Amino acid sequence: MDDKNVEAAAEQSPETDIKRRKREHIEICLREDVEGWGEGTGFDRYRFRHLALPELDFADIRLDSSFLGRNLRAPFVVSSMTGGTHEAGRINVRLAEAAQRHGWAMGLGSLRAAIEAPDSVASYRVREVAPDVPLLANLGAAQLNYGYGIAECRRAVEMTGADALVLHLNGMQEVFQDGGDTNFRGLLRRISELCKEAEFPVGVKEVGMGIDGETVRMLTDIGVAFVDVAGAGGTSWIKVEKYRTKIRLRKMAADAFEEWGNPTAECIREAREAAPDMILIASGGVTNGLEAAKALALGADAVAFGKALLAPALDSEDELDELFARVEFELKAAMFGIGAGSLNELRGTRRLVRRS
């Protein structure tokens with residue numbers, strides 16, 4: 001069955017629990033206030049000291065880098081967000097096309113839906129429209145405790161033509177999700193076994209609560225290839241599940257966790273200190289190129305954008321391209337303002353200071 005027929009079948013097939021969850025996640029993120037509460041991303045605690053004489057031609061500033069053996073024209077990643085439904089497929093294609101045009105990396109939403117419902121596969125197939133970008137397949141790490149192993153991980157990578165697999169850690173989301181998979185016991189050992197067995201790089205990411213330095217150190221020791229810290233300050237999946245749950249106790253309990261999570265800026269700093277050589281992706285509430293510049297100066301190798309891209313991906317190709325271009329311009333402007341002509345110079349700058 002070709003992709004068009006698969007997509008047509010997906011539109012006509014019954015809505016399973018996992019497809020309904022994917023659809024509701026998109027709708028809630030677009031319609032409701034799901035921004036994290038608490039202290040935010042932490043980027044507001046830092047500022048760049050302006051350099052009046054940068055001795056630099058703005059036109060010469062370079063944003064190029066590499067990731068997973070592929071070139072990037074800018075150090076940016078489209079975060080793993082969605083898949084599994086017809087609408088999610090349209091979002092993924094539009095995001096992938098923009099990533100290809102601008103030279104960003106691209107993450108896919110959890111492929112559990114495609115593994116358990118083959119008629120969902122088409123919603124994740126974007127390699128044809130993004131042949132040159134680093135592409136990340138994605139599965140929930142907890143699924144390794146629910147029957148998934150190397151075979152399912154290989155399928156996720158192979159069915160998408162991905163360059164790597166990222167396992168997401170979403171414990172707090174699962175706790176507040178009706179029917180969530182909450183057995184996280186022994187996952188470090190299972191991830192370690194997967195890293196040894198897999199012929200592709202394995203990364204680990206959070207989903208908006210943050211990964212601290214101690215955890216990054218453990219992940220480094222077991223052979224994880226890259227980490228996305230995905231800190232607090234952006235989308236709160238506790239809030240998303242609060243809108244979805246039918247259980248009154250969970251709705252009420254969610255409010256007690258309004259300040260839960262490690263701010264993104266704090267996660268980047270801790271992770272870099274704990275693992276100087278780890279490839280670090282910074283995400284979690286990043287909305288513009290100035291915040292991305294701070295993330296890179298704190299130690300990130302790349303910066304990922306999630307919910308900020310979702311509405312433009314639905315609305316129009318032009319709006320999405322404008323957002324990509326704006327973020328790139330803002331990063332270059334910040335670099336010019338401190339005299340950093342390359343990403344290496346930005347990462348090594350002493351002009352990022354903590355506010356008093």
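I began with helix 2, which gives the most to the lining of the largest pocket, with 6 residues; helices here are DSSP runs of H or I of at least four residues, strands are runs of E of at least two, and both are numbered from the N terminus. I kept in mind that this is a predicted model, in which local features need pLDDT of at least 70 and side-chain atom pairs count only at pLDDT 80 or more, while totals for chains, interfaces and linings use all residues. Residues are numbered from 1 along each chain as its sequence is written, and side-chain values use heavy atoms, without hydrogens and water.

I then looked up the pocket itself (on a 1 Å grid over the protein atoms alone, an open set of points with protein on both sides within 12 Å along at least five of seven lines; lining residues have an atom within 4 Å of a point). The largest pocket has a volume of about 870 Å³, where volume is the space filled by probe spheres set on points joined across faces, edges and corners. I noted 45 lining residues, of which Ser 80, Met 81, Lys 205, Val 207 and Trp 237 lie nearest the centre. By class, this lining has 13 nonpolar, 23 polar and 9 charged residues, with Gly counted as polar and Asp, Glu, Lys and Arg as charged.

Next I searched for cavities (sets of points where a 1.4 Å probe fits but cannot get out), and the whole structure holds 2 of 30 Å³ or more.
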